[in-house]
Amino acid sequence: MTKKYFLLVIIMLAGLIGEGQRYFEGEINYKFDFKSDKIKEPGKLLIPVIGVGSILYFKEGNYRHEFEGGTMEFDIYNREENKMYQKKRNNDTIYWTDCSKANNNILDSVFSPKTDTVLGIICDRFAIQYKEASEVHYYNSDSIYINPEWFKNFKLNDEYFIDLREKSIYLKNEYSLGYFKLIETATKIIRQIIDIEKFRIPKNSILIQQD
């Protein structure tokens with residue numbers, strides 16, 4: 001191998017490594033808080049259903065939430081299949097949704113730069129209005145950067161539209177549904193290699209499609 005060719009290979013490898021490293025891969029821990037003007041002590045009612053927090057595992061557009069408490073055990077998005085899987089606790093059945101089908105489209109959205117700080121990271125704000133619910137995402141694409149093209153076929157809830165705007169995973173989310181607000185706030189970020197098997201469903205699973 002000539003010196004010139006050797007240097008070219010090194011440059012190409014460095015580019016590939018740099019491309020992989022700039023996208024986030026790892027784990028984010030969230031805690032849940034609840035607010036309501038209509039329910040006294042909403043946590044007492046909602047924690048048994050929703051839980052106290054979650055752990056997000058993310059790799060190349062695949063993600064998995066493992067819930068701490070509540071009725072849901074986990075949900076998984078498998079990018080290759082473009083399907084969302086959900087499993088309730090103490091239940092063998094896994095329900096799946098085709099994410100290529102548009103549903104619950106966004107009615108309005110508002111972007112505001114540098115409005116909050118989470119874990120010392122200054123976050124932009126993106127408010128999203130659906131027909132029956134709303135979300136407010138706080139994120140920083142310089143710190144937690146993802147490739148929005150991973151989600152180009154994810155039409156459910158206008159996910160691709162959101163990812164084109166944010167190019168990130170939110171560090172805080174305020175989800176409002178009528179009588180209560182769920183606030184998810186990141187408490188820990190761990191950058192690490194995640195095994196792709198974490199986003200696959202065992203072949204012997206009981207699967208039921210849901211609309």
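Colleague: Why is Lys-172 called buried in this predicted model?

Modeller: Lys-172 has a relative accessible area of 16%. Buried means under 20%, so Lys-172 is placed in that class.

Colleague: How do you know whether Glu-174 is buried or exposed?

Modeller: The relative accessible area of Glu-174 is 15%. This value falls under 20%, and Glu-174 is therefore buried.

Colleague: What makes the contact between Lys-172 and Glu-174 a salt bridge?

Modeller: The N to O distance between their side chains is 3.9 Å. The criterion requires a Lys or Arg nitrogen within 4 Å of an Asp or Glu carboxyl oxygen, so the pair qualifies. Salt bridges with shared partners join Lys-172 and Glu-174 with Asp-116 and Lys-181 into one network.

Colleague: Why is the pair Glu-41 and Lys-44 also called a salt bridge?

Modeller: The closest N and O atoms of Glu-41 and Lys-44 are 3.5 Å apart. That distance is within 4 Å, and the pair therefore meets the criterion.

Colleague: What parts does the salt bridge of Lys-59 and Glu-25 tie together?

Modeller: The closest N and O atoms of this pair are 2.7 Å apart. Lys-59 belongs to strand S2 (residues 53-59), whereas Glu-25 sits in the loop between helix H1 (3-22) and strand S1 (26-35), so the pair ties together parts 34 residues apart in sequence. Both residues are buried.

Technical notes. Residues numbered from 1 in each chain as written. Predicted model: local features only at pLDDT ≥ 70, side-chain atom pairs only at ≥ 80, totals over all residues. Heavy atoms only, no water. Helix = DSSP H or I, 4+ residues; strand = E, 2+ residues; numbered from the N terminus. Buried < 20%, exposed > 50% of the residue type's maximum accessible area, 1.4 Å probe, protein only.
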